[in-house]
Protein chains: 2
Amino acid sequence: MSIDKVARTAGVSTATVSRVLNGNPAVKPDTRDKVLAAIKACEYQPNLLARQLRTSRSRMLLVLVSNITNPFCARVVRGIEEEAEKHGYHILLCNSESRLTRESAYLRLLSGKVVDGVITMDAISCLPGLTTLIGDSPWVQCGEGDPGYRASSVTIDNFKAAAAAVDHLATCGYKRIALINGDLRYLYSQQREAGYRAACGKNWQAVVYADSLEYQAGVQAMAELFTLPEPPDAVFAISDALAGGAMHYAHEQGLRVPEDVAVMGFDGVPFGSVTFPPLTTIEQPMHQLGVRSVQLLLERIDNPEVETVNEILDWKLVVRGSV
Amino acid sequence: MSIDKVARTAGVSTATVSRVLNGNPAVKPDTRDKVLAAIKACEYQPNLLARQLRTSRSRMLLVLVSNITNPFCARVVRGIEEEAEKHGYHILLCNSESRLTRESAYLRLLSGKVVDGVITMDAISCLPGLTTLIGDSPWVQCGEGDPGYRASSVTIDNFKAAAAAVDHLATCGYKRIALINGDLRYLYSQQREAGYRAACGKNWQAVVYADSLEYQAGVQAMAELFTLPEPPDAVFAISDALAGGAMHYAHEQGLRVPEDVAVMGFDGVPFGSVTFPPLTTIEQPMHQLGVRSVQLLLERIDNPEVETVNEILDWKLVVRGSV
DNA sequence: CTGTTAGCGCCTTCAT
DNA sequence: ATGAAGGCGCTAACAG
């Protein structure tokens with residue numbers, strides 16, 4: 001089942017078989033047919049490992065995510081996978097759960113030549129140990145861009161998007177706008193908070209930090225907000241799931257959304273359109289985020305000399321019923 | 001940066017370096033230290049590809065999922081990844097979107113020796129093209145077990161679980177119990193429907209098929225059910241998300257759950273506990289499903305002669321508020 | 001157009 | 001305890 005058995009049964013050299021395998025046009029049609037027949041006869045399956053070793057190209061991309069369950073991530077990954085497939089690449093998906101041991105284990109595949117490059121969607125940049133592990137392998141950060149690193153990035157302008165969300169709330173007449181934020185180690189969390197604060201200016205502010213980006217955490221965060229002596233009349237949550245949780249709490253308390261309290265989300269995941277009421281949110285171009293990440297990474301792989309770029313994609317304010 | 005540079009700077013042979021790398025005890029401590037120092041000095045990173053080729057073991061497992069967004073899958077995958085990590089294995093996750101081209105592309109990595117085995121969570125068994133691609137590589141089906149194939153499987157008893165769900169509904173006094181099913185190409189869909197029909201016996205029956213296992217599809221399916229001349233007073237949905245969608249529709253129509261219509265789910269994903277009301281459901285041992293799949297697969301990889309096993313795990317009826 | 005040859009980087013007998 | 005040598009399966013010059 002190795003290439004030279006095929007060569008022998010076809011009566012040619014291994015080089016010729018290899019040429020046929022790789023679609024090299026410089027092969028006489030007759031011999032090509034002979035080889036093809038031999039391949040079929042031997043039920044030959046190329047050993048990709050050997051090919052990868054020889055060409056020092058695995059055509060595999062590592063994708064590091066903290067939590068695949070997050071629908072935002074899932075959609076970005078879909079974009080990544082689709083674009084990678086177009087270029088004949090495969091995806092090695094690592095669901096790190098933000099565990100260092102796991103991340104570093106996967107990152108070792110980079111130096112080990114098992115993958116040609118890496119796309120990170122986690123806050124890698126604040127883990128010095130990991131960045132040294134990446135060394136100067138092709139790397140792009142997706143959805144989280146720290147220009148301080150030797151990596152390209154594809155993101156939206158989180159500051160402006162957050163500010164726009166607050167502006168929209170203010171335009172609708174809300175005065176006491178609170179923020180439900182997530183883990184501040186993420187640059188995007190910092191940026192969105194900065195955008196929130198800038199847009200609020202000297203007006204009323206309240207920020208609360210959720211344990212995760214998920215629904216349940218949103219319920220708790222909202223509860224916390226409503227222990228304040230003067231609770232908010234509008235809430236801007238940093239993820240749609242968080243916003244969903246916030247509405248859940250509001251309903252539990254008998255508050256109407258948006259009459260008693262407005263709720264605004266972030267991300268634009270499908271879930272937002274099935275909540276009661278449907279969620280007004282900032283939509284990120286999830287698919288495109290993934291697609292561009294792959295394109296940038298592939299450019300880098302093909303030519304390590306190309307400069308790193310920090311690409312900013314457009315977001316969109318989607319008005320539904322919750323504001 | 002290859003092994004023989006290390007060997008030269010340490011003044012030993014490549015064999016010795018290899019021994020140190022692999023923790024072979026038959027190395028004098030002194031020489032071992034020398035080698036270790038050389039490794040550090042050279043910033044040596046072993047080429048995993050070469051090692052894999054030489055040992056014909058990649059320590060990578062392919063996991064084929066139709067849709068990672070599905071929280072049931074995500075949780076199983078988490079179990080898979082955790083167990084794999086324990087044994088020094090990595091996961092190559094393929095989100096196939098049930099697209100044949102993508103599945104076959106990934107499966108080619110199996111014959112190409114890039115992965116040592118595969119865990120499928122998709123209805124692979126009804127795609128003859130794919131099963132031949134798998135050939136007789138180590139394979140276990142997870143959550144979906146077709147004993148007709150040369151693969152082990154880890155599942156629950158879908159027939160009994162579905163029947164128990166219906167029995168519970170009947171015990172609570174509901175008479176007109178409908179089923180929201182999914183894609184019948186999946187064996188579990190067939191089995192759950194069979195369980196439903198068996199438990200209903202000669203009583204009222206109505207089955208409707210949703211386009212996917214997701215929320216939105218549940219809304220539609222429920223709507224369809226309520227076009228019936230005599231709509232159901234209870235609904236058993238084949239996934240929790242579907243059940244959530246069903247409740248959504250009920251609320252829209254001003255129906256109370258469970259007073260006007262009871263709703264029961266399947267899977268036991270976290271989402272079910274945040275719905276209004278919280279979902280009564282059949283809980284699958286998601287984590288364990290993943291863990292056992294890996295264990296079975298690894299046994300198979302270590303010893304291809306072991307017999308295939310069809311393992312059945314326990315499920316649990318979780319009563320919350322929707323029934 | 002096709003064959004010969006030389007590795008890719010590593011592990012692993014077989015000697016010593 | 002260590003070294004020498006062969007080869008995993010493939011591709012890529014270089015000849016012819």
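**Close-up views of chain B in a predicted model**

**View 1. Strand 4 and strand 5 of chain B.** Over three bridges, strand 4 of chain B pairs in the parallel sense with strand 5 (residues 152–156) of chain B; strands are DSSP runs (E, at least two residues) and helices likewise (H or I, at least four), numbered from the N terminus, and pairing requires at least two DSSP bridges. Within this pair, Q141(B) stands opposite S153(B) of strand 5. The model is predicted, local features need pLDDT of at least 70, side-chain atom pairs count only at pLDDT 80 or more, and totals for chains, interfaces and linings use all residues. Residues are numbered from 1 along each chain as its sequence is written, chains are lettered from A and ligands numbered from 1 in the order in which they are written, and side-chain values use heavy atoms, with hydrogens and water left out.

**View 2. The two faces of strand 4 of chain B.** In a regular strand, side chains alternate between the two faces of the sheet. W139(B) and Q141(B) point one way from strand 4 (residues 139–142), V140(B) and C142(B) point the other way, and all are buried (under 20% relative accessible area, 1.4 Å probe, protein chains only).

**View 3. Strand 3 and strand 4 of chain B.** Strand 3 (residues 117–120) of chain B runs parallel to strand 4 of chain B, and three bridges join them. I119(B) stands opposite V140(B) of strand 4.

**View 4. Helix 8 of chain B.** Helix 8 (residues 158–171) has 14 residues. Its buried residues include N158(B), V166(B), H168(B) and L169(B). Just after helix 8, G173(B) takes a positive phi of about 100°.

How values were computed: The expected span of a helix is 1.5 Å times one less than its number of residues. Buried means under 20% relative accessible area, exposed over 50%, partly exposed in between (1.4 Å probe, protein chains only).
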